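Reader: Hi! I'm new to this one. Could you walk me through a few of its features?

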Amino acid sequence: MWPFSRKGASGFSSSSTAEQVTDGIDATGLTAIVTGANSGIGAETARVLALRGVHVIMGVRNINAAQDVKEAILNEIPSGKINVMELDLSSMESVRKFASQFISSCLPLNILINNAGIFATPFTLSKDNIELQFATNHIGHFLLTNLLLDTMKKTERESRKEGRIVNVSSDGHRFYRYREGILFKKINDQSSYWSWLAYGQSKLANILPANELARRFKEDGVNITANSVHPGVIATNIFRHNSVVNGVMTKLARFVVKNVEQGAATTCYVALHPQVSGISGEYFADSNLAKASSQGRDIDLAKKLWDLSMNLTEQNTHSFSS
């Protein structure tokens, strides 16, 4: 697997695993939320964070699957601290309920990993009448982040430890895309819908808010970073809605596709590694700094998407609503 991968400036490469990029890091005392932690790279992210001492909150739609993952992690790491909470990112009601319950727990929040995602689904509207990929991959995470910002800022002030927000995007944002990047006036237009392009749109929409958050944090002197990552092409159940792609990925897995341990590496690197301290508004791949597409670095596009997202989420936190 990956016989020709080269180490980048960080000392890691595409073949590095999540355990390897966090080796020697003691994150005891930190608390993290990981969305979509019941399977794939989300589950591996939760496991490795727990291994490094982080108190992990698994925000998941499938509670039963998450409980199985939790049990497996605790069997391996008896001292691990893990909680499972229900979270359906396609539903703003569910996101608000999750955030409210978490805030009521009075737990700190040092790290927010917006990992959950769906891929190339048939055209469907969410419970809030928003195209499902855009709703799940972007709007749900946008709302969740804004609802938890006050908690993250409070934690940063009291602990004097840098907070980190990690949005799991994809290089799909540069390959599968609408010409405009974001179809602002046609998000829910079925006639304009192409499942792969809609996926790329949603992944671009993971990068832009991280960049805008980074700008606002810097402007306000807040010691929280916001970055986005490309985990690599990984054979996980994200391809379940496309049987052809799923079959191809299964056959190619041993040759060109990362395994889950490698797929979670960049997320864990950006969430925990001291090399990333103070770095914000950047895009990472293979546990190294990379560069998003030109649209992924477009400041005006980021501000426009922020405004659209605030309008779609309606009556939510006003931490950065102005």
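**Salt bridges and a pocket**

Author: Happy to. Arg215 and Glu219 sit 4 residues apart in helix 7, about one turn of the helix. Keep in mind that this is a predicted model.

Reader: What do Arg215 and Glu219 form?

Author: Arg215 and Glu219 form a salt bridge, with their closest N and O atoms 3.3 Å apart.

Reader: Is Glu219 buried or exposed?

Author: Glu219 counts as exposed because its relative accessibility is 59%. Arg215 is partly exposed, with a relative accessible area of 30%.

Reader: How many salt bridges are there in the whole structure?

Author: A search finds 11. Another one of them joins Lys258 and Asp286, whose closest N and O atoms are 2.7 Å apart. That pair links distant parts of the chain, 28 residues apart: Lys258 is in the loop between helix 8 and helix 9, and Asp286 is in the loop between strand 7 and strand 8.

Reader: And Lys258, buried or exposed?

Author: Lys258 is at 5% relative accessibility, so it counts as buried. Asp286 is partly exposed, at 28%.

Reader: Changing topic: how much space lies in the second largest pocket?

Author: About 280 Å³. It is lined by 18 residues, and those closest to its centre are Asn211, Gly281, Gly296, Arg297 and Ile299.

Reader: Which helix gives the most to that lining?

Author: Helix 7, with 5 residues. Helix 11 also supplies at least two residues.

Reader: What's the lining like by class?

Author: The second largest pocket is lined by 7 nonpolar, 5 polar and 6 charged residues.

Technical notes:
Residues numbered from 1 in each chain as written. Predicted model: local features only at pLDDT ≥ 70, side-chain atom pairs only at ≥ 80, totals over all residues. Heavy atoms only, no water. 1 Å grid on protein atoms, 1.4 Å probe; cavity = no way out; pocket = protein on both sides within 12 Å on 5 of 7 lines; lining within 4 Å. Points joined across faces, edges and corners; volume = space filled by probe spheres on them. Nonpolar A, V, L, I, M, F, W, Y, C, P; charged D, E, K, R; others polar. Salt bridge = Lys/Arg side-chain N within 4 Å of Asp/Glu carboxyl O. Buried < 20%, exposed > 50% of the residue type's maximum accessible area, 1.4 Å probe, protein only.
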